[in-house]
Amino acid sequence: MTSTDKQRLIIIGNGMVGHHLVEQLVERDATTRYDITVFGEERHLAYDRVHLSEYFAGRDAQSLALSTSDYYAENDIALRLDEAVTAIDRDNSEIVTPLGRYPYDRLVLATGSYPFVPPIQGGDRPNCLVYRTLDDLDAIREAGRNANTGVVVGGGLLGLEAANALKGLDLDTAVVEFAPRLMPMQVDSEGGELLREKIEALGVQALTDRATQRIEDGEASYHRMVFQDDKVLETDLIVFSAGIRPRDELARACALEMGERGGVVIDDHCLTSDPAILAVGEVALWNDSIFGLVGPGYQMAKAAANTLTDGSERFQGADMSTKLKLLGVDVGAIGDAHGDRTPGARMYRYLDEIKQEYRKLVVSSDGKKLVGAMLVGDNSYYDTLMQYYSNGLELPDDPASLILPSSEGAPTLGPDALPDTATICSCHNVTKGAVCETLDAGATDLGAVKAETKASTGCGGCAALLKSVVDHELEARGVEVDQSICEHFAYTRQELYSIVQVEGIKTFSELLEKHGHGLGCDICKPAVASILASCFNEPITDAAHVPLQDTNDTFMANMQKNGTYSVVPRVPGGEITPDKLIVLGEVAKKYQLYTKITGGQRVDLFGAQLHDLPDIWQALIDAGFETGHAYGKATRTVKSCVGNTWCRYGVQDSVGMSQQIEHRYKGLRSPHKLKFAVSGCTRECAEAQSKDVGVIATEHGWNLYVCGNGGMRPRHAELFATDLDDETLFKYIDRFLMFYIRTADRLQRTSVWRENLEGGLDYLKAVIIEDSLGIAEELEQQMQTVIDTYECEWANTLNDPEKLKRFRSFVNDERPDPDIIMTSERGQLRPA
Amino acid sequence: MTTATALKTETDTMTWQTICSKADLVDFSGVAAWLETADGPVQVALFYLPGHDQELYAVDHHDPFSKANVIARGIVGDLKGQPVVASPIYKQHFRLEDGQCLEDESVQLRTWPVRFDGERVRIHV
Ligand SMILES: Cc1cc2nc3c(=O)[nH]c(=O)nc-3n(C[C@H](O)[C@H](O)[C@H](O)COP(=O)(O)OP(=O)(O)OC[C@H]3O[C@@H](n4cnc5c(N)ncnc54)[C@H](O)[C@@H]3O)c2cc1C
Ligand code: HEM
Ligand code: SF4
Ligand code: FES
């Protein structure tokens, strides 16, 4: 088809649902029949609004983005951002923007909604803001700079999230709710009361039953809010979060059928009253309901893509059950949580005022089915309840057992109890049946199932359930999931690690004798060598350990492609004295080494022959250098920017900190190499967010980022903790690194480890910060052992004639290897 | 750099040469040595697996894949019971017994019979 034969499809709105529609269309090859143009009013490409609040916690617009402009370009989709559509001209089938008119054959409205600001006198004063877009958050941050106090109007889900954000900006924060309790849509009065207690304990005031009458100039603060009973509250900053309204103004103006209280009416195919026009997401009204969640929006996008490509899948409504953590408090609501939509419904309730937990079950009048549930304080009960609810499973004889605490934790429903129709992933609407189908079609692990069905790639909330279903089904199919490290040990790396640790096994031969067989191989030997080093930190060149090492570790230098080695001394934090720099130059010159400055802020000397390594290192160690472990799966470098010592923007001494970190962790061996960086302010010149451990200075201390990666598959590090003092920073890094070392697979970088970690970042935070596994002290002690036993392994080797024997190119002759031939390029030697 | 323990190659009969001493070897690992042959000097890799049925092996030190002389610096072990060395550069496995590469049928390292004679390591040319 030439492009003139194609129909013109215009999508208005590049939000979460509009973007999902584009993806669905691309997946169905719809670009062969449509020329697609997308208009977005915001200047940003579609981003993850659900995680918008993380923008305040350190994530930037780029990492929240759901896609890239390259993706649009590659698929020939015109993306016109920062260009709002101002009218739809249905008579001429055109849409209008300030920049022109564009004809369409099919049109999709994906305009989302806007935050409702109640008509309060003074509600339009400066510093009265809303919470929906990145630009809104920039405005709040800006206003927050000159403010001490902030108030959120509206105590619903989003209001509490906004309150959390204000608290994060160091404002004294209050929430003002019109209803008698917080989250009136989701929780009942007991739940609301508990929620209030928990939230007030976190330092956020919760004022319920307050209707704001007007906002005027304050005395001590910028604003004064006056309530119905003439009580007042002063504050510098106000954020409205009093509900959302569909952005249906375009549809209204062109006379599409609208709901009574707004929203563009759609049918099961997402068609509006004009069959050329579709609507999806929060602007759409289906069966008299607006769905203010992303999951239902994605399902509409799927149905709309089907409609546009002559498929038959329909939108059939969606469940509004939710679980989330607000201000650190778990809240969950399933189905008819209030029990007021089900005639004859009966309830079970459990309230623990000490632990501050509340759970409620709503069951059908015959007591057999779950029709709703409510959770405050502990969401671990959610998954099982959700399965009973969404699959209509028959309740156990004593339904109360589903919400009562027990020593084994929340009750779980075995994956075999789920019917094939059970929804496993509600974001992508994947059923257990669909998971089983991919397994029948040959998928053999979790990764393949994820790739095939997309399950667990949305909010991630279903990860644990998906894994248990996949594991269970694989087992049922007789697929033995063999995770042995190699043929010599029937154990995973993690299992070997605990065996070594628990039994205190200190050598490979002992481990092999007790738990393996054969001679070992080039897989298990280096893996065990690394485990032994992480646990006991004995010199890797000791006789018992040296045959286990890869050649790089054996000779403590990286082998290059012609069999020569590189030499990389440690330069902590990239700071080096002129004298030391001169020594590096002299050594390089004497041994004719190729010299290069590395990305890790140190100097690499290449082309050393095996038998010269000891003399080279002797010269370096005499000048005060230590080994840089550039050859090992170990701590590499801590990159730093120049920091506040010199830089006019700096707020902390990043070089000093980077040296402390480098000295603390040097010599630490791990499943893969470890890179660190420290930046002296948010400008991030050291690129800390691309490292396994990144530290960025703030006015109040240090922000810690973890699990970033450069390399082939770059990954932004995630913000882990903020404003830490030095001591806490080290404590968290100690625990983090040791936990990684314990639980990662061999050769698994922190980034991949983190992506495979069940429970994700929240779980990691729970383990490291809240010590949910009770192992924090042990991890710290183990790190302390490594720190205390540090020894430069080159210095150790130079003092031991037996070890030095290893550094002979040939044991019976001093001739060098005649096959190493060098040639000259740009004034230095390189391999011929 | 010391070579105190290395003995100079000496030919004591036409066929069994002393190539080095036992003290030059490294347990469960390899070292490289020069071997004088009728066709000129050859670099060989000597592996020592103390306590095993066959304790000593000699194979080419030259790695046919990387074309570098590095085989002695590989990790030794076994695959399905056959002693092997893994090339330290691209990790192919070579059977110590006959030099056969397990990943590529067409590639084989040369091997030489080798044995202890008291403290000496003797190799058959
Ligand atoms: C802080 C916050 C937290 C949330 N948390 C959750 C959660 O935990 N779970 C959950 O399921 N949902 C959550 N949501 C709701 C979720 O973000 C929305 O359901 C989802 O974004 C709706 O997608 P949409 O595409 O319909 O609308 P939007 O994402 O709002 O996208 C609509 C886009 O259309 C643009 N637009 C509007 N009019 C025009 C025009 N005339 N011309 C061009 N462009 C136009 C808008 O600027 C906007 O960019 C949250 C929302 C917020 C704000
Ligand atoms: C507002 C943004 C930024 C400001 C104001 C800023 C400022 C600076 C300053 C003052 C220096 C020291 C320059 C010198 O005197 O030698 C510097 C160095 C550096 N910055 Fe930035 N920076 C910014 C953003 C970034 C970003 C986003 C990166 C990379 C992702 C970056 C990477 C670097 C690097 C690598 C150096 C060291 C350069 C060198 O080694 O020569 N900077 N920056
Ligand atoms: S990160 Fe900040 S302190 Fe460090 S060099 Fe860049 S601007 Fe200066
Ligand atoms: S439920 Fe959100 S990713 Fe599966």
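Modeller: Let's start with chain B, which reads β-β-β-β-β-β-β-β-β-β-β along the sequence. This is a predicted model, so to speak: local features need pLDDT of at least 70 and side-chain atom pairs count only at pLDDT 80 or more, while totals for chains, interfaces and linings use all residues. Residues are numbered from 1 along each chain as its sequence is written, chains are lettered from A and ligands numbered from 1 in the order in which they are written, and side-chain values use heavy atoms, with hydrogens and water left out.

Biologist: How many helices and how many strands are there in chain B?

Modeller: Helices (H or I, at least four residues) and strands (E, at least two) are DSSP runs, numbered from the N terminus. For chain B that gives 0 helices and 11 strands.

Biologist: Is B:Asp60 buried or exposed?

Modeller: B:Asp60 sits in strand β5 (residues 56-60) of chain B. Its C-alpha atom is 7.2 Å from that of B:Ile71, 11 residues apart along the chain. Buried means under 20% relative accessible area, exposed over 50%, and partly exposed in between (1.4 Å probe, protein chains only). B:Asp60 has a relative accessible area of 8%, so the label is buried.

Biologist: What percentage of chain B is buried?

Modeller: Chain B has 125 residues, and the buried share of them is 54%.

Biologist: Over to ligand 1: which residues come nearest?

Modeller: A residue is near a molecule if one of its heavy atoms lies within 4 Å of it. There are 28 residues around ligand 1, and those that come nearest are A:Val17, A:Glu42, A:Arg132, A:Glu282 and A:Val294.

Biologist: How much of the accessible area of ligand 1 does the protein cover?

Modeller: Oxygen atoms of ligand 1 lie 2.9 Å from a polar backbone atom of A:Val17 and 2.8 Å from a backbone N or O atom of A:Val294. On its own, ligand 1 has 1,000 Å² of accessible area (Shrake-Rupley method, 1.4 Å probe). The protein's cover comes to 92%.

Biologist: Which helix gives the largest share of the shell around ligand 1?

Modeller: Both α1 (16-27) and α5 (157-168) of chain A supply at least two residues each. Domain 1 (7-114 + 246-308) and domain 2 (117-242) of chain A each give at least three, with bounds from an automatic or database domain assignment. The largest share, 3 residues, belongs to α1(A).

Biologist: How does the shell around ligand 2 divide by class?

Modeller: Around ligand 2 we find A:Tyr649, A:Arg683, A:Cys685 and A:Glu687. Ala, Val, Leu, Ile, Met, Phe, Trp, Tyr, Cys and Pro count as nonpolar, Asp, Glu, Lys and Arg as charged, and the others, Gly among them, as polar. That shell has 2 nonpolar, no polar and 2 charged residues.

Biologist: Which side chain is joined to A:Arg224 by a polar contact of 3.0 Å?

Modeller: A:Arg224 is in strand β14 (residues 223-227) of chain A, and counts as buried at 18% relative accessibility. A polar contact is a pair of N or O atoms within 3.5 Å; within protein, one must be able to donate a hydrogen and the other to accept it, and residues adjacent in sequence count only if both atoms are side-chain atoms. One such contact, of 3.4 Å, goes to the side chain of A:Glu234. The contact of 3.0 Å goes to A:Glu219.
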